[in-house]
Amino acid sequence: DSKLYLSQLRQQAHEFGRYQLLVKLLKSDYDAYVKTAEFLSPSRIPRGELPNAQDVVYVPFTAAGNNEEEDATEATVDLNVATVTGEDGQPLVADCTLEELTYNDSPLDKLLLSIFRNLVTTHTGGVTSDIPGIKGLLAQGRQYMTMELPEGVTYEDHTKAQHTMVKNTLGGLMTPVLPPFYRIFMSGIVPKLGTDYDGKQIGPWFYAPWLTSIVTPTFFGFLVGPSKPNRRSDGQRGGLIVEKCKFLQESGCKGLCLHQCKLPAQEFFKEELGLSLTVKPNFVTQECQWSFGEEPVDVAEDDSFPKGCLVGCDSRKVMAGRKSTDVLCM
């Protein structure tokens with residue numbers, strides 16, 4: 001029907017124009033963009049259609065949809081403020097209360113997960129699990145993170161060992177071929193050619209953040225679940241939003257998120273591939289914003305990264321009574 005077709009075209013044109021206006025605001029005034037996005041979403045624009053949602057406070061649609069500002073505010077407070085106290089008197093971060101996502105792994109996802117788990121076993125000195133799938137990988141990670149340490153080795157030392165383990169595993173997954181290719185053609189690092197410029201970086205090339213955000217969903221879905229390109233907080237291309245992180249949902253553990261995903265991923269991209277990366281998990285929604293080409297902020301100085309353990313974290317129960325374990329969750 002021609003009328004229906006024209007109506008759909010007008011709607012698409014409207015959504016495209018609205019998106020471009022939001023991107024323009026995002027580039028020029030981030031704080032104003034966040035306030036505008038919070039006003040528009042979710043009652044007027046679905047959260048998933050925003051150019052960037054990393055600092056946009058989540059409000060349940062049922063609360064925002066009744067146009068009662070007080071109810072919406074109460075719902076936001078309930079979801080975003082950690083008011084629970086742990087066994088040791090320390091504040092805890094509220095668990096995500098949203099409905100769990102069911103992940104439909106492709107044959108490629110299953111293959112990559114199997115390879116990844118075997119590499120984890122290798123780089124942890126034999127830590128393994130009979131549990132299938134992503135939960136088995138997380139069981140391996142939790143066992144390694146919470147292991148009893150030799151005398152003289154602190155959990156701060158062990159967090160660095162976790163980072164090294166993940167970076168070695170990612171390197172093994174990418175094979176010896178891909179990192180050099182990426183360093184040359186994406187990050188602009190001069191290969192060893194016997195010249196004075198060997199090893200110097202003249203990039204990253206302008207297309208590297210954007211192209212990386214396009215390719216990543218296919219090859220990292222086995223770890224994080226569905227994702228799609230979006231905009232970084234500066235409005236530029238090169239962003240990637242994970243809809244509801246598989247790693248975080250299935251683990252319910254900030255320590256695993258921080259030391260076996262966020263920090264080692266940032267370090268791997270910078271050290272091995274030559275491209276800066278910021279990974280920003282949202283513990284309210286379990287979304288995760290990846291921003292390629294963006295310099296990360298130190299976790300200790302990042303006000304958006306909540307302090308304390310998650311309420312339902314099983315790792316905290318395992319670590320109860322041990323000393324100096326607060327470094328695991330920051």
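**Aromatic pairs in a predicted model**

In this predicted model, ring pairs join Tyr 182, Phe 268, Phe 269, Trp 290 and Phe 292 into a cluster.

Student: How many aromatic pairs does a search of the whole structure find, and how is the pair of Phe 181 and Phe 185 classed?

Tutor: The search of the whole structure finds nine aromatic pairs. For Phe 181 and Phe 185 the ring centres are 4.8 Å apart and the planes are at 40°. Planes under 30 degrees apart would be stacked and those over 60 edge-to-face, so at 40° this pair is tilted.

Student: Which helix holds both Phe 181 and Phe 185?

Tutor: The two residues are four apart, about one turn of the helix. The helix covers residues 178-185 and is α8.

Student: Are Phe 181 and Phe 185 buried, partly exposed or exposed?

Tutor: Phe 181 has a relative accessible area of 49%, and Phe 185 has 44%. Buried requires under 20% and exposed over 50%, so Phe 181 is partly exposed and Phe 185 is also partly exposed.

Student: What kind of aromatic pair do Phe 268 and Phe 269 form?

Tutor: The distance is 6.3 Å centre to centre. The angle between the planes is 85°, and the pair is edge-to-face.

Student: Are Phe 268 and Phe 269 buried or exposed?

Tutor: The relative accessible area of Phe 268 is 3%, and Phe 269 is at 7%. Under 20% counts as buried, so Phe 268 is buried and Phe 269 is likewise buried.

Student: Which residue has its charged end over the ring of Phe 39?

Tutor: The charged end lies 4.2 Å from the centre of the Phe 39 ring. The residue it belongs to is Arg 44.

Terms used:
Residues numbered from 1 in each chain as written. Predicted model: local features only at pLDDT ≥ 70, side-chain atom pairs only at ≥ 80, totals over all residues. Heavy atoms only, no water. Phe/Tyr/Trp six-rings, centres within 6.5 Å; stacked < 30°, edge-to-face > 60°. Buried < 20%, exposed > 50% of the residue type's maximum accessible area, 1.4 Å probe, protein only. Lys NZ or Arg CZ within 6 Å of the ring centre and 35° of its normal.
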